[in-house]
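Welcome, and thanks for taking a look at this one with us.

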Amino acid sequence: MRDALAQAARIIDTALDAGGRPCLTCSFQAEDVAVLHLLRARRPEIPVLFLETGYHFPEVLEYRDHLTRQWGLHTVSLRAGAPTLHPDTPSECCHQRKVEPLMAGLAGYDLWFTGLRREQSPTRANLQPDEQHRFPAGLTLRKVSPVYDWTTAEVFAYLAANDIPVLPLYQQGYTSIGCAPCTAKPAPGEHARAGRWGGNKLECGLHTVTIKEA
Ligand code: SF4
């Protein structure tokens, strides 16, 4: 029988032991918080990069602030300098408010932890736990996703076992939580990200702008 937790711990330890400057990108959704919990046990000071788009649910910001205080996190807000674009042009808005700040924010690191999971959407079905990525401007990073093959049930079981509260929006039926104007609850039977952007796209670009090299 597989031991999902031991596997995730091995992935993290292998990556950290190889050296480099680590960070975690974190939207404070359940899988990100599971990875954060595992990482902070090893590197309490690890930078936690949060994309401050200006359109988050208030519950997300409150939860972020609560965990930051409770766990003494080094949370770093990444934001566009003077954003002009809005959710009515989602590709451009996501690029300006998420992708560009992420590219700037990751420039100081070479080991990028994420909470990505294969089960989240068809666009993530082939995710590998340890990948090498290059941004269009040339920055290369090792991208590590320790819970890449965890199920949703395993994520929530891990959080419950460790007495970690979850975003209250999950209790309302949301299964993937991004900016408020672009997030809806999926219909029964749909995958977790089906409610994002009215079903018109599945990715904001954070995880598709790079070129996977290995
Ligand atoms: S998710 Fe919506 S509001 Fe947020 S950056 Fe993308 S288009 Fe803009």
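## Helix α1 against helix α2

A8, A9, I12 and L16 of α1 are in contact with L38, L39 and R42 of α2. Sorted by class, the residues of this contact are 6 nonpolar and 1 charged, with no polar ones. Please keep in mind that this is a predicted model.

**How α1 and α2 are arranged**

- Two packed helices are described by the angle between their axes and the distance between the axes.
- For α1 (residues 4-17) and α2 (residues 30-42), the angle is about 50° and the axes are 11 Å apart.
- Because of that angle, α1 counts as oblique to α2.
- The crossing of α1 and α2 is right-handed.

**Helix α2 against helix α5**

- α2 also meets α5 (residues 152-161): their axes cross at roughly 50° and come within 9 Å.
- Which hand does the crossing of α2 and α5 have? The crossing is left-handed, whereas α1 passes α2 in a right-handed one.
- On the α2 side the contact involves A30, E31, V33 and A34, and on the α5 side V155, F156, Y158 and L159.
- This contact of α2 with α5 consists of 7 nonpolar residues and 1 charged residue, and no polar residue takes part.

**The sheet as a whole**

- Seen across the open sheet, its 7 strands follow the order β3-β2-β1-β4-β6-β5-β7, and the pairing is mixed.
- β3 (74-78) and β7 (211-212) are the edge strands; each has a single partner strand, so one side of each has no neighbour in the sheet.
- α1 packs on this sheet and touches β1 (22-25), β4, β5 (130-134) and β6, with its direction at about 155° to that of β6.

- Strands of a sheet pair through backbone hydrogen bonds, either parallel or antiparallel.
- β4 (residues 111-113) and β6 (residues 140-144) run parallel and are joined by 3 bridges.
- Across this pair, L111 is opposite R142 of β6, and W112 is opposite K143 of β6.
- β5 and β6 run antiparallel, with 5 bridges between them.
- Here R134 is opposite T140 of β6, while Q132 has R142 of β6 as its bridge partner.
- How do β5 and β7 run, parallel or antiparallel? They run antiparallel, joined by 2 bridges, and H133 is opposite K212 of β7.

**Around the ligand**

- How many residues surround the ligand? There are 13, and the closest are P90, C93, C94, C179 and C182.
- By class, this shell around the ligand has 9 nonpolar, 2 polar and 2 charged residues.

How values were computed
Residues are numbered from 1 along each chain as its sequence is written. This is a predicted model: local features need pLDDT of at least 70, side-chain atom pairs count only at pLDDT 80 or more; totals for chains, interfaces and linings use all residues. A residue is near a molecule or strand if its C-beta atom, placed from the backbone, lies within 6 Å of it. Ala, Val, Leu, Ile, Met, Phe, Trp, Tyr, Cys and Pro count as nonpolar, Asp, Glu, Lys and Arg as charged, and the others, Gly among them, as polar. Axes are lines fitted to C-alpha atoms, for helices over the stretch in contact, and angles run from 0 to 180 degrees between N-to-C directions. Helices (H or I, at least four residues) and strands (E, at least two) are DSSP runs, numbered from the N terminus. Angles under 35 degrees count as roughly parallel, over 145 as roughly antiparallel, 65 to 115 as roughly perpendicular and the rest as oblique. A crossing is left-handed if the near helix is turned anticlockwise from the far one by less than a right angle, and right-handed if clockwise. Two residues are in contact if their C-beta atoms, placed from the backbone, lie within 7 Å. Two strands pair if DSSP finds at least two bridges between them.
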